[in-house]
Amino acid sequence: MALETHRVPATRVSGLSAMLLVAWSSSAAAELVVVAPVPWQVSQRGVPARIELSGTGLFAAGARIECRLLTASMGPEPASPLPAAASAWRPLAVEPADPTAPNRARASVELPAGGWYRLEVRAASAGIAAVEPFGVGEVFVVAGQSYATNTNDERLVVADPRRRVAALDVETGRWRLANDPQPAPDRSDGGSIWPAVGDRLAAELDMPIGFVNVAFSATSTQKWAADGPLSARLHKAGRMAGRFGAVLWQQGESDVMAGTSTDDYVARLQAIRAAAVEAWGFEPVWLCAFSTHHPTVYRNPEGEARIRAAISRLGTLPGFGLGPDTDTLQGPDRGGPGSRRHFSPAGQRNAAALWSDLLLKKATP
């Protein structure tokens, strides 16, 4: 995946002015560029991080390429200290990224969870290339409909002092600080719940959190059909993210309105997940929130009960798990007339607490 890089002289920098930095040594005889990761990117902990490089004549057999991590201070709080082994130069085993492109190479490397980091790569004849901020933590793909996008009342911002919550824009391939509105494909421009989820996870786990949001307002499971455009975007998002921890599925209201049966909902979501797993080549868990209540749009207890029963059943099936019960958030947690008619500011924070509580229980040390 070719991503744009930004180049500045390879000097040590700090502070928010360095947020979008990719550096290289202009005095080197040959140019070495870090193509991936990109600024603000979060790599899933527990699996090797993917690195992609470009450079002319640098990747011949036996060429010595090395990498190391340094801390990157992205806020008023000091960065956590790095293990000595992480900050020391170590060999990077590179291989061709594409047999037809001899000037591109890739590598995988085990990196400790944490960040923000500055990742540096060097070649003897080409100086140092670097990217920052870059983190290793938890990455989640978000899918579903409007309660998962930017249709809530307040635009939230990342409050973590070290800004350790990021979002990938699937259309541009760029990561950024995950302030609302999230880069969801439906172009919704209000508030979401994800900055608050990320803040809590970053604080409790002490590592960056990444979200890849492909949710789309007013979409039923039928619209997410495995051979349709929404699932195609989902497949692309997962491939761009690499490995990630889970799919966070916040959806159900459109199926209440459509009269979808319990059996059909279960069968459709199984098919959606199966196609995604095939596209990604691994099997992340699919966490399904109970998200059927939309009090300003309909009153349909029977329809809600059918979809809630489907979600309960999915939670017992391989590859699925139960998300939070956001249907319990009613009254002042929901926007009324004159609002965006989804979560109120209080509801956004309470929904975020439900998601983060559940994800923290599932997190491994």
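Mentor: A salt bridge is a side-chain nitrogen of Lys or Arg within 4 Å of a carboxyl oxygen of Asp or Glu. The model is predicted, so local features need pLDDT of at least 70 and side-chain atom pairs count only at pLDDT 80 or more, while totals for chains, interfaces and linings use all residues. Residues are numbered from 1 along each chain as its sequence is written, and side-chain values use heavy atoms, with hydrogens and water left out.

Trainee: How many salt bridges does the rule give?

Mentor: The count comes to 20. One of them joins Asp 255 to Arg 268, with N and O 3.5 Å apart. The pair links distant parts of the chain, since Asp 255 belongs to helix H4 (residues 253–258) and Arg 268 to helix H5 (residues 262–280), 13 residues apart. Helices (H or I, at least four residues) and strands (E, at least two) are DSSP runs, numbered from the N terminus.

Trainee: Is Asp 255 buried or exposed?

Mentor: Buried means under 20% relative accessible area, exposed over 50%, and partly exposed in between (1.4 Å probe, protein chains only). Asp 255 has 0% relative accessibility and therefore counts as buried, whereas Arg 268, at 25%, is partly exposed.

Trainee: What is the partner of Arg 308 in a salt bridge?

Mentor: The partner is Asp 327, and the closest N and O atoms are 2.9 Å apart. Because Arg 308 lies in helix H6 (residues 301–314) and Asp 327 in the loop between S17 and H7, the pair ties together parts that are 19 residues apart in sequence. Arg 308 is partly exposed at 27% relative accessibility, and Asp 327 is buried at 7%.

Trainee: Which residues are linked in a network of salt bridges?

Mentor: Arg 68, Arg 118, Glu 120 and Glu 132 are linked in this way. Glu 120 is buried, its relative accessible area being 4%.

Trainee: How should I read the pairing of strands?

Mentor: Strands of a sheet pair through backbone hydrogen bonds, either parallel or antiparallel. Two strands pair if DSSP finds at least two bridges between them. Strand S6 (residues 65–71) runs antiparallel to S10 and is joined to it by 7 bridges; Leu 69 stands opposite Leu 119 there. S10 is also joined by 7 bridges to the antiparallel strand S11 (residues 127–144), where Arg 122 faces Ile 128 as its opposite.

Trainee: Why is S10 described as largely enclosed by the rest of the structure?

Mentor: The reason is that 9 of the 10 residues of S10 (residues 114–123) are buried.

Trainee: In what order do the strands of the open sheet stand?

Mentor: The order of its 4 strands is S3-S5-S9-S8, with antiparallel pairing. At its edges are strand S3 (32–36) and strand S8 (95–96), each of which pairs on one side only. S3 meets strand S5 (residues 49–55) through 4 bridges, and Val 34 has Leu 53 in S5 as its bridge partner.

Trainee: How is the length of a helix to be checked?

Mentor: The expected span is 1.5 Å times one less than the number of residues. Helix H7 (residues 345–362) has 18 residues and should span 26 Å; its end C-alpha atoms are 26 Å apart, which agrees. Its buried residues include Gly 347, Trp 355 and Leu 359, and S11, helix H2 (194–205) and strand S15 (246–250) are among the elements covering the buried residues of H7.

Trainee: What does Gly 347 touch?

Mentor: Contact means heavy atoms within 4.5 Å. Leaving aside residues up to four places away in sequence, Gly 347 touches Leu 329 and Asp 333. Gly 347 is buried, at 0% relative accessibility.

Trainee: How far may the coordinates be trusted?

Mentor: The predictor's confidence in each residue, from 0 to 100, is the pLDDT. Its mean over the protein chain is 89, and 91% of the residues reach 70 or more. Over residues 1–29, however, the pLDDT is below 50, although this stretch has 80 contacts in the model beyond near neighbours in sequence. Where pLDDT is low, the predicted coordinates should not be read in detail.
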